[in-house]
Amino acid sequence: MSNTEPAFPEFEATQVPSSRAPRISLVIRASLFAFALMVVSICGRSATPLRASAETTRECNGIGFPDHIEVQGALLTLNGLALRTASVFQVSLYVAALYVAEPSNDPRAILESSAPNELILQFTREVSASELRKSLQEGFARTSPRRPPALEEGLKQLSGWAADVKSGQRITFIQTPGKGMQVDINGIVKGTITGDAFAKTFMSIWLGDNPQTPELKGGLLGAPCG
């Protein structure tokens, strides 16, 4: 073997002439650098569509809502959007968005679900606290005309949190079975009304047999917003 060329001269560092060693080192470094650039380029191209798909939204009356939100560690899906109008002139009041764990067009399935849900009302005009209280009173009167004392107490608590809301502001209701319903007005948590019965009765204002409007119920159950 001493009189023949080594089988793998590139690994025989001691036998490579000193004039060749720098050139080999530069070739290896250039190759590694080119490979690294290729990996970064590929990773960058594949990441962009993933971020875009995670930010998809749906719109109603020009207001967008994300397809998914996270509530108390649970991933909820946008079940439907609906526009609430009032008076003979069809003045828009708010856009409602309903998020649930399991999307459904069956109102009973949503009302009886043991998973969290979230109802968002984004207002399109200014509404006073007194108007909100009146709307709540009318909604409970339609849904539960003979409500027990526990529901009456919950309604008083909710009415006491009513405040003036401006166009663009939101009221959010988060129902957590076993705990109750949390109320958030324009980013300020007012508190939680305990009891599943109250939360179910409240949601029935929108999804029950006597909703505020058929279009509002239909939109929250997946029908086109209108």
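1. Both Phe202 and Trp206 are buried, where buried stands for under 20% relative accessible area, exposed for over 50% and partly exposed for the range in between (1.4 Å probe, protein chains only). The two residues lie in helix α5, four residues apart, about one turn of the helix; helices (H or I, at least four residues) and strands (E, at least two) are DSSP runs numbered from the N terminus.

2. This is a predicted model, in which local features need pLDDT of at least 70 and side-chain atom pairs count only at pLDDT 80 or more, while totals for chains, interfaces and linings use all residues. Residues are numbered from 1 along each chain as its sequence is written, and side-chain values use heavy atoms, with hydrogens and water left out.

3. Five aromatic pairs are found in the whole structure; rings of Phe, Tyr and Trp (its six-membered ring) pair if their centres lie within 6.5 Å, and planes under 30 degrees apart count as stacked, over 60 as edge-to-face and the rest as tilted. Among them, Phe173 and Trp206 have ring centres 6.5 Å apart and planes at 40°, so this pair is tilted, and the pair links strand β7, which holds Phe173, to helix α5, which holds Trp206, across 33 residues. Phe202 and Trp206 also form a tilted pair, at 4.8 Å centre to centre and 55° between the planes, and ring pairs link Phe173, Phe202 and Trp206 into a cluster.

4. The structure holds one disulfide, a term for a pair of cysteine sulfur atoms within 2.5 Å. Cys60 and Cys225 form this disulfide with their sulfur atoms 1.6 Å apart. Cys60 is buried at 2% relative accessibility, whereas Cys225 is partly exposed at 30%.
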